Amino acid sequence: MTVSYNFAYLDEQSKKMIRRAILKALAIPGFQVPFGGREMPLPYGWGTGGIQLTASVIGPDDRLKVIDQGSDDTVNAISIKQFFRKTAGIAITEDTETATIIQTRHRIPETPLKKGQIMVFQVPIPEPLQFIEPKRPQTLKMHGYEEYGSMHVKLYEDIARFGRIATAFDYPVRVHQRYLMSPSPIPKYDNPKLHRSPAVLLFGAGREKRIYAVPPYTDVVSLDFEDYPFELEQWEGACAVCGSTQSFLDEIITDDTGTRVLICSDTEFCRKNAGRSRP
Amino acid sequence: MTSAPDLSPPPLLKVAHLCKFFGRHMGCHDISFEVCPGEVIGVVGESGSGKSTLLNCIAGRLRPSNGSVCFKTPDGMEDLCRCDEARMRRIIRTRTGYVTQHAAQGLKMHISAGGNIGEKLMAAGTRHYGKIRDAALMWLDKVEIDPGRIDDLPSTFSGGMQQRLQIAANLVTAPEILLMDEPTSGLDVSVQARLIDVLRKLVFSLNLSMILVTHDLAVARLLCHRLYVMKQGEVVESGLSDQILDDPRKPYTQLLVSSVLKP
């Protein structure tokens, strides 16, 4: 651990400011709280929002898990883990069950979250209304007056063009029957995991300098039409490694002739599941 | 227009002593009128005379400096200038439609024609795709756009079609008053004629009220029951359209009427 940095890189005043924003965000589920985003030693888009949140809530006894596209060992996940090992000297884990803080880029782990855990999401575009209304003062009013009907225009366009709701990630949700929220680029497969989750869900957008949150056991409902209800992705086949049909599968091309296999996106779940089915 | 509508029912909109100042400059001054169901009112005058300022005050886009703009709502007459913003937005959204001069301002150009028509329905709470789709198809037909183009982007439409699409997108939630800011300028004469034709049909079949801001006196004569002539922010003359256009009394109106080119 380098002594020239404060614990977990950020100075205590910045952490205090971010914690206040988190408390406000938890008090108004789904509401985007502006915060004084700090410069982090990595570029925007690599998870600066998530790292600032993690740095503010982490303590010496925490065990941190970081995933990127569901995987524990991709570049982004590994560099963020190294960052916190160097600056906070805390324990790193790949085990979802024993982790106390899980920072993620695209997925919520397949293993169900528990009470006491904190999920930290790295968010690129926090404003779900941006597609409909690019002007920030207007979107603020739309949130304020709960004018969310036009969000369905995006879903309408999907059905008109593709015959079904083709939005597969960042699928808009209503939190606690009030605020419209972008669940960051998680696949819609993970949307039901947000609903009444026992864990604390924190969302941080570094570039846009916004924090929002879903407190434990809060209603999170995906938008849909009466005649086109919200549906989850389905795959024809099971994971080629562990044989699971109960997880989010990535399609991977394995050779030049276009052979494809389906493999679990959550590597930790896949490894455990493979160990269980083939003792 | 030949027959004057029945003016006995209570007015939908009542504008009283409306003023709007931009700093020391006067946008419009002491304007009062009423709009009854089924009535089409024209506001004419040269550019810079305060026509659009007046319309924007009525549409809640500008806050009047003085006076009142009262809409008839189920709860009685409500004054836009005296209710909170949430209430104002609801009144404007449910009671009025607003057709802009440039379709690009009133339509979302990156969303299909059907989506543009459906947006107001969805904003009003419709959550059934089939019903939204049916309404969009019906309205495309009403404004004489081929329903087969429902999934095309408005940017692929001609100027006249865009304007008719804008009218459909505004009328789908059945507002009582349609506010139009120079809907025919920038269109060539035959396209204008078609637009006016569609508008006349809709006004008759839906008993729609309209406030039409225009500098085109021919359009005003064809569509409007009553005319208000504006100059430098004030109404200089008002009355039945034919009366004003055939027998203008004020020098400014005489000048305006005589300045129209006749082929």
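This is a predicted model: local features need pLDDT of at least 70, side-chain atom pairs count only at pLDDT 80 or more; totals for chains, interfaces and linings use all residues.
## A buried helix in chain B

In helix α1 of chain B, the residues B:Lys51, B:Ser52, B:Thr53, B:Leu54, B:Leu55, B:Asn56, B:Cys57 and B:Ile58 are buried. Since eight of the eight residues of α1(B) are buried, the helix is largely enclosed by the rest of the structure. Just after α1(B) comes B:Gly60, whose phi is positive, at about 75°.

What lies around this helix? On the one hand, α1(B), which covers residues 51-58, lies across β1, β2 and β4 of chain B and runs at about 120° to β1(B).

## The four-stranded sheet of chain B

Four strands of chain B form an open sheet in the order β2-β1-β4-β5, and their pairing is antiparallel. Strands β2 and β5 (76-79) of chain B stand at the edges with a single partner strand each, and therefore one side of each is left without a neighbour in the sheet. From one strand to the next, the twist averages 25°. As a general point about such strands, the side chains of a regular strand alternate between the two faces of the sheet.

Strand β1(B), residues 13-22, can be followed to a partner on either hand. Seven bridges join β1(B) to β2(B), which spans residues 25-35 and runs antiparallel to it, while five bridges join β1(B) to β4(B), residues 66-73, again in an antiparallel arrangement. B:Leu13 has a bridge partner in each of these strands, namely B:Val35 in β2(B) and B:Phe71 in β4(B). B:Ala16, for its part, has B:Ser68 as its bridge partner in β4(B). Between β1(B) and β2(B), which form a hairpin, there are two residues, and in the turn B:Gly23 has a positive phi of about 65°.

## The six-stranded sheet of chain B

A further open sheet in chain B has six strands in the order β6-β7-β8-β3-β9-β10, and here the pairing is mixed. Its edge strands are β6 (96-99) and β10 (234-240) of chain B, each of which pairs on one side only, and the twist averages 15° from one strand to the next.

Which way do β3(B) and β9(B) run relative to each other, parallel or antiparallel? Strand β3 (residues 40-44) and strand β9 (residues 226-231) of chain B run parallel and are joined by four bridges; within this pair, B:Val44 has B:Val229 as its bridge partner in β9(B).

In soluble globular proteins, nonpolar side chains tend to be buried together. In this model the largest nonpolar core has 129 residues, and those with the most contacts inside it are A:Met119, A:Leu202, A:Ala213, B:Ala168, B:Met210, B:Ile211 and B:Leu212. Helix α6(B), residues 159-171, gives the most to this core, contributing six residues. Apart from this core lies another, of seven residues, including A:Cys239, A:Phe248, A:Leu249 and A:Phe269.

B:Met210 shows what such contacts look like in detail: once its neighbours within four places in sequence are left aside, B:Met210 is in contact with B:Val40, B:Ile41, B:Ile177, B:Leu178, B:Met180 and B:Val203.

## Domains and contacts of chain A

The domain assignment of chain A gives domain 1 (12-222) and domain 2 (234-279), and the C-alpha centres of these two domains of chain A lie 26 Å apart. Where the domains meet, 14 residues of domain 1 of chain A are in contact with seven residues of domain 2 of chain A. The side belonging to domain 1 of chain A has three nonpolar, five polar and six charged residues.

The contact between the chains takes 15 residues from chain A and 18 residues from chain B. On the side of chain A that touches chain B, there are seven nonpolar, three polar and five charged residues.

## A loop residue of chain A

Is A:Phe131 buried or partly exposed? This residue is found in the loop between β5 (118-122) and α4 (136-144) of chain A, and because A:Phe131 has 19 C-beta neighbours inside 10 Å, it counts as partly exposed; a buried residue would need 20 or more.

Technical notes. Residues are numbered from 1 along each chain as its sequence is written. Chains are lettered from A and ligands numbered from 1 in the order in which they are written. Two strands pair if DSSP finds at least two bridges between them. Axes are lines fitted to C-alpha atoms, for helices over the stretch in contact, and angles run from 0 to 180 degrees between N-to-C directions. Two residues are in contact if their C-beta atoms, placed from the backbone, lie within 7 Å. A nonpolar core is a set of buried Ala, Val, Leu, Ile, Met, Phe, Trp, Tyr and Cys residues joined through C-beta atoms within 7 Å. A residue is buried if 20 or more other C-beta atoms lie within 10 Å of its own, exposed if 12 or fewer, and partly exposed in between; C-beta atoms are placed from the backbone. Ala, Val, Leu, Ile, Met, Phe, Trp, Tyr, Cys and Pro count as nonpolar, Asp, Glu, Lys and Arg as charged, and the others, Gly among them, as polar. Domain bounds come from an automatic or database domain assignment.
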